Amino acid sequence: MSHSPGRKQENHKISRELFVLTYGALVAQLCKDYEKDEDVNTCLDRMGYSIGIRLIDDFLAHSAVKKCRSYSETADMIAQIAFKMYLGVTPSVSCRSAAGNEFSLILDKNPLVEFVEELPAERASLCYCNLLCGVIRGALEMVHLAAEVTFLQDRLKGDAVTEIGITFLRKPEDRKHKRN
Amino acid sequence: SRQCGLLSPQNYPLYIRSVPTENELKFHYTVHTSLDVVDEKISAMGKALVDQRELYLGLLYPTEDYKVYGYVTNSKVKFVMVVDSSNTALRDNEIRSMFRKLHNSYTDIMCNPFYNPGDRIHSRAFDNMVNSMMMQVC
């Protein structure tokens, strides 16, 4: 018999503004440190990757989801559960290829860019939210799914919508033994 | 005609909008002369024992042609609005709410990570807000 209660879900919420401002400060600082937009984008992606490989365990622990059996399920999981859990928004998912390994997440609202009206003129190729791509890529890698994740469209750059493209690179191994 | 301006804590302009635009130079002059009144009111506030930090400074001074209203944030950014004296329909609480809108939009500008405090304000959202506000004051 266990006397200790199960691990309590301690919901210590931090201010959303603080998070958005912190992210903004991060991007602004990277822009000061690197001259080229590509370097800033790469840096953001690397940071995101570093977050993603750690975040996946938190996600799996808190969401108690079943194993995904297809790329489509995985994409749905990212959009409907992960994005909802961490950013409070639910992008819509669509499949972009007949082969079933390319997906688009369309973000209607993006809390990270709440205070950014538009990119500064000298930063036209900056992918402001590139951190998110790295996070998704890192998280997927830890569950043995290799993927390329990039921004296909970005409202900050003048596109109509913000669209993240996920391309799964390898077929998942056939699972002979399903976990309970 | 009506004008609206934002001044930094060091009293240089962050944003000026005049409708119609020909009056802009005169507006600069008006704002400049009203700064003395603003500073006077701010120091008066400091001496009086007020619990509530009143940001709205009210009518700074009236002249024959126009009325000047002021507002100062806790960070010492000043907002100044000039309206025609002939515009008697404008009530005090309407002016207050306009200053509040200005203040809220200014806060959004400050939250933009690419905006450096002290820069001139170049923001479409801010322009739109000021335009719609000035149209109302007809």
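Select strand 1 (residues 2–7) and strand 2 (13–19) of chain B: they form a hairpin with 5 residues between them, and in the turn N11(B) has a positive phi of about 70°. Helices (H or I, at least four residues) and strands (E, at least two) are DSSP runs, numbered from the N terminus. This is a predicted model in which local features need pLDDT of at least 70 and side-chain atom pairs count only at pLDDT 80 or more, while totals for chains, interfaces and linings use all residues. Residues are numbered from 1 along each chain as its sequence is written, chains are lettered from A and ligands numbered from 1 in the order in which they are written, and side-chain values use heavy atoms, with hydrogens and water left out.

L7(B) has P13(B) as its bridge partner, and G5(B) stands opposite I16(B). Of the 7 residues in strand 2 of chain B, 6 are buried, where buried means under 20% relative accessible area, exposed over 50% and partly exposed in between (1.4 Å probe, protein chains only).

Next, display the whole sheet of chain B. It is open, with 5 strands in the order 2-1-5-4-3 and antiparallel pairing. Strand 2 and strand 3 (56–62) stand at the edges with a single partner strand each, so one side of each lacks a neighbour in the sheet. From one strand to the next, the twist averages 15°.

Contact means heavy atoms within 4.5 Å; axes are lines fitted to C-alpha atoms, for helices over the stretch in contact, and angles run from 0 to 180 degrees between N-to-C directions.

Finally, turn to chain A and select helix 1 (residues 16–33) and helix 2 (residues 37–63), whose axes come within 9 Å and cross at roughly 135°. Where do they meet? Y23(A), L26(A), V27(A), L30(A) and C31(A) in helix 1 meet V40(A), C43(A), L44(A) and M47(A) in helix 2.

Notes
Two strands pair if DSSP finds at least two bridges between them.
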